[in-house]
Amino acid sequence: MSRPYRLLVKNAKQLVLICKSSEKFLTKEGIQNLCVIENGSIVIGSDGLIKAVGPAETIKSQYAEALFDKVIDATGMCVLPGLVDAHTHPVWAGDRVHEFAMKLAGATYMDVHRAGGGIHFTVEHTRAATASDLLASLRSRLVRMQRAGTTLVECKSGYGLELQTELKMLEVIEEVRRSLPINISSTYCGAHAVPKGKTVAEATEDILQVQLPRLKEKLSAGTLRVDNIDVFCEQGVFDLSSTRSILQAGKQMGLNINFHGDELHPMNSAQLGAELGALAISHLEEVTDEGIAAMAKAKTAAVLLPTTAYILRLPQPRARDMLDAGVIVALGSDFNPNAYCCSMPIVMHLACVNMRMSMPEALAAATINAAYALGRSHTHGSLEVNKHGDLLLLNATPDFLMQFLSAPYHHSATPSDLCTSPSALSKQTLHM
C-alpha cells in the first residue's frame with residue numbers, strides 16, 4: 001500500500017538549502033552566504049516534490065516514519081541540491097582524440113576548425129549515425145553525469161547543421177527526457193557552425209526559412225519539446241547580424257535565448273544578448289566591461305565553462321569582475337568531443353582554482369544560478385518547499401565545501417550513491 005510520502009532524509013549533519021527566501025538567483029552578498037541548517041531533515045512527497053525541510057527535531061515531531069516509503073539516516077552526512085549543468089553538447093558520434101596532438105603542437109580552436117576538424121568532423125559522423133546509436137551513447141553519457149551528481153542538464157543539438165540531423169538529435173534528446181531519471185533542458189543549436197559549402201547568409205536563410213518553421217510545427221503538434229535557442233556568435237562563424245536574426249526568430253517561437261558569445265573574440269555578444277532579453281550567454285572569455293555591465297543590468301546569466309578555457313588554453317573567463325558587477329554567474333561542463341568532462345564537481349574545482357571563485361560562489365553557480373540560466377530556478381537549484389526533491393548525500397565532514405571542491409577525485413567528496421536521490425527511487429520523480 002502506497003504511503004503519503006516517498007522519502008525522509010533525517011539527521012543530516014548539514015542540510016545545504018542554498019536559498020532561504022525563494023530567491024531565483026544569487027549575486028553579491030547573497031552568493032557568499034548560502035543557507036545551511038545544522039542537523040536537519042527533509043521530506044519528499046509522493047509527487048517527488050519537497051514538502052518540508054528544517055531542523056531534525058522539528059521534522060520528527062511533525063512526520064512519523066511510518067508515513068514514508070523510504071527513510072535514510074544521514075547522520076554525519078551533508079545533503080545538498082542536485083547539481084545543474086547549464087551547458088552541454090552530449091549528442092554526437094565519432095571522437096576527436098586525434099585533434100589533441102594538433103592542439104599540443106600549438107593549433108588554435110579556429111585552426112582545427114579551418115582544417116576540417118572540430119565541429120565539422122563531428123557533424124560528418126553525427127549525420128551518418130543512426131538515431132539508435134546516438135540514443136545509446138547519450139544515455140551512457142547522461143548516466144555518467146548523474147553519477148557525478150548532476151540531476152538537471154542542458155542538452156544541445158548542433159552537430160547536424162541541416163534539418164534532418166538537427167531533428168534527429170532533438171528527437172533523441174526527447175526520448176531520453178522521457179525515459180531517464182534526469183531532468184533535461186533541450187536546446188536547438190542549428191547555428192553551431194556554418195555548414196561546408198554555404199555562406200553565413202545562406203546558412204542563416206536555411207535556419208530561418210527551413211529549420212525553424214519545421215521545428216515550430218513539431219512543437220505545436222506536441223511531438224517535440226525544445227526550451228532554448230543557441231547560436232555560436234563568433235568571427236568566422238555567425239556574425240552579430242545573423243545571430244540577432246536567428247535569436248529573435250527563436251524568441252518569437254517561445255524559446256529562451258541562451259547562446260555562445262564572446263568566446264574567442266570580443267564580438268559584443270553580451271550587449272546583444274542583454275538587448276534581446278537573453279536568459280543566458282555562455283563562454284564570455286573575451287567579454288568587455290560594457291558587456292559585463294549590460295548583462296548585470298538585464299539579469300542575463302553568464303554561463304562560464306572552465307573546462308573549455310583549460311583544454312583550449314584560452315584566457316580564463318572574468319568571473320571575479322562579473323561577480324563584483326552583480327552578474328548572475330552560472331557554471332557548465334561544456335561536455336563535447338573537445339572537452340570531455342561529465343563531472344560538475346571538477347568544473348566547480350576548476351572555477352575555484354582557475355577563475356578564483358570562492359567555494360560558496362561555485363556551489364551557487366552550479367545549483368540555483370545554473371537553474372536560473374535554464375529557466376528552472378523556480379523548480380530546481382535549492383532545497384525549498386515545492387521544488388523537485390533532487391538531492392545528493394555526501395559522506396563528508398562538516399567542512400563539505402572544502403572536501404567537495406578541493407579533492408573532486410576523492411570518493412568521500414563525491415555523491416556517495418544515487419539511491420540518496422528520489423530520482424533514483426522512481427523515474428517519475430523527474431517528470432512531475
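Analyst: Buried means under 20% relative accessible area, exposed means over 50%, and partly exposed lies in between (1.4 Å probe, protein chains only). The structure is a predicted model, in which local features need pLDDT of at least 70 and side-chain atom pairs count only at pLDDT 80 or more, while totals for chains, interfaces and linings use all residues. Residues are numbered from 1 along each chain as its sequence is written, and side-chain values use heavy atoms, with hydrogens and water left out.

User: Why is C341 called buried?

Analyst: The relative accessible area of C341 is 10%. Buried requires a value under 20%, so C341 is classed as buried. C342, at 9% relative accessibility, also counts as buried.

User: Why is the pair K218 and E171 said to tie together parts that are apart in sequence?

Analyst: K218 forms a salt bridge with E171, with the closest N and O atoms 3.4 Å apart; the rule asks for a side-chain nitrogen of Lys or Arg within 4 Å of a carboxyl oxygen of Asp or Glu. K218 belongs to helix α7 (residues 200-221) and E171 to helix α6 (residues 163-179), so the bridge connects parts 47 residues apart in sequence. Helices here are DSSP runs (H or I) of at least four residues, numbered from the N terminus.

User: How do you know whether K218 is buried or exposed?

Analyst: K218 has 16% relative accessibility and therefore counts as buried. E171, with a relative accessible area of 37%, is partly exposed.

User: What makes R318 and D289 a salt bridge?

Analyst: Their closest N and O atoms are 2.4 Å apart, which meets the limit of the definition. R318 sits in the loop between α11 (306-312) and α12 (319-325), and D289 in helix α10 (residues 289-298), 29 residues apart. At 25% relative accessibility, R318 counts as partly exposed.

User: How many salt bridges does the rule give?

Analyst: The count comes to 20 salt bridges. One of them joins E154 and K156, at 2.7 Å from N to O, and both of these residues are buried.

Terms used:
Helix = DSSP H or I, 4+ residues; strand = E, 2+ residues; numbered from the N terminus.
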